[in-house]
Amino acid sequence: MRKTVHSGMTIKTMVLYGLFVALTFVATSFINIRLPLMGNGGLVHLGNVPLFLAAILCGKKAGAVAGAFGMGLFDVLSGWLAWAPFTFVIVGLMGYVTGILSEKLPLKPIFANGIAIFAALCIKVVGYYFAEVILYQNWFLPLGSIPGNVMQVSVAAIIVLPLAEVLKRVTPKWVKQGKD
């Protein structure tokens, strides 16, 4: 008998989501480099790696939860509080879309995952551009964040694409069944 909590989610699935949230938070917090770019585009981190792995291996819900809560928690605890609501929505959407596209695109997995990560990159660039427009009330300054955002997702893609192929082969069946 599968043990479930009130939401109908198994305890194993909740623990898995919590692990991806924690990995996303830690990779964002401790594996980052500040670049000398204008705007807010100077923080490049590896938080996208566990976010994309969660989405590709476990599905759209895991990707959304890992991104929204992992990076949102980083913003709250690291002095970027004004960014937290934007991050929650933007990065949660990145994880959700990555999970959907990686699963539904009728292509070889590496190509589907590449397209999914490219879609996430587009969401990140557009989402954070408009978040910065709102926060800075300036249409020019947010352009400085685009190179850092592109670099962030590109580095994550270089790590995730081959790693996801290997991890898919060894991922337990119960994890794959959590996809919807």
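Student: What share of the contacts in the protein with a separation of 6 or more comes from residues 24 or more positions apart?

Tutor: In this predicted model, residues 24 or more positions apart account for 68% of those contacts.

Student: What makes L53 and L163 a contact pair?

Tutor: Contact requires heavy atoms within 4.5 Å. L53 is in contact with L163, and also with F20, C58, V160, A164 and L167, its neighbours within four places in sequence being left aside.

Student: Why is L163 called partly exposed?

Tutor: L163, found in helix α6, has a relative accessible area of 33%. Buried means under 20% and exposed means over 50%, so a value in between is called partly exposed. L163 is therefore partly exposed.

Student: In which order do the elements run from the N terminus on?

Tutor: The order is α-β-β-α-α-α-α-α-α, with seven helices and two strands in the protein.

Student: How do you know that the span of α1 is close to the expected one?

Tutor: The expected span is 1.5 Å times one less than the number of residues. For α1, residues 11-30, there are 20 residues, and the expected value is 28 Å; the helix reaches 28 Å from its first C-alpha to its last. The buried residues of α1 include L16, Y17, F20 and V21.

Student: What makes α2 a mostly covered helix?

Tutor: The count of buried residues is 11 of 11. Among them are N48, P50, F52, L53 and C58, and buried means a relative accessible area under 20%. Just after α2, G59 takes a positive phi of about 105°.

Student: Which residues touch the most other members of the largest nonpolar core?

Tutor: They are F20, F52, L53, C58, M94, I117 and V160, in a core of 38 residues. Two or more residues of this core come from each of α1, α2, α3, α4, α5 and α6. Across the protein, buried residues make up 46% of the 180 residues.

Student: Why can L73 belong to a nonpolar surface patch?

Tutor: A patch residue needs over 30% relative accessible area and no salt bridge. L73, in helix α3, has 36% and is partly exposed, so L73 passes the area cut-off. The patch, made by L73, V76, L77 and L81, covers about 370 Å². For the protein, the accessible surface comes to about 9,300 Å², of which 74% belongs to carbon and sulfur atoms.

Student: Why does Q137 count as exposed?

Tutor: The relative accessibility of Q137 is 71%. Exposed means over 50%, so Q137 counts as exposed.

Definitions and conventions: Residues are numbered from 1 along each chain as its sequence is written. This is a predicted model: local features need pLDDT of at least 70, side-chain atom pairs count only at pLDDT 80 or more; totals for chains, interfaces and linings use all residues. Side-chain values use heavy atoms; hydrogens and water are left out. Helices (H or I, at least four residues) and strands (E, at least two) are DSSP runs, numbered from the N terminus. Buried means under 20% relative accessible area, exposed over 50%, partly exposed in between (1.4 Å probe, protein chains only). Accessible areas come from the Shrake-Rupley method with a 1.4 Å probe; for residues, only the protein chains shown count as cover. A nonpolar core is a set of buried Ala, Val, Leu, Ile, Met, Phe, Trp, Tyr and Cys residues joined through side-chain atoms within 4.5 Å. Patches are made of residues with over 30% relative accessible area and no salt bridge: like charges are joined within 9 Å, nonpolar side chains (Val, Leu, Ile, Met, Phe, Trp, Tyr) within 5 Å. A salt bridge is a side-chain nitrogen of Lys or Arg within 4 Å of a carboxyl oxygen of Asp or Glu.
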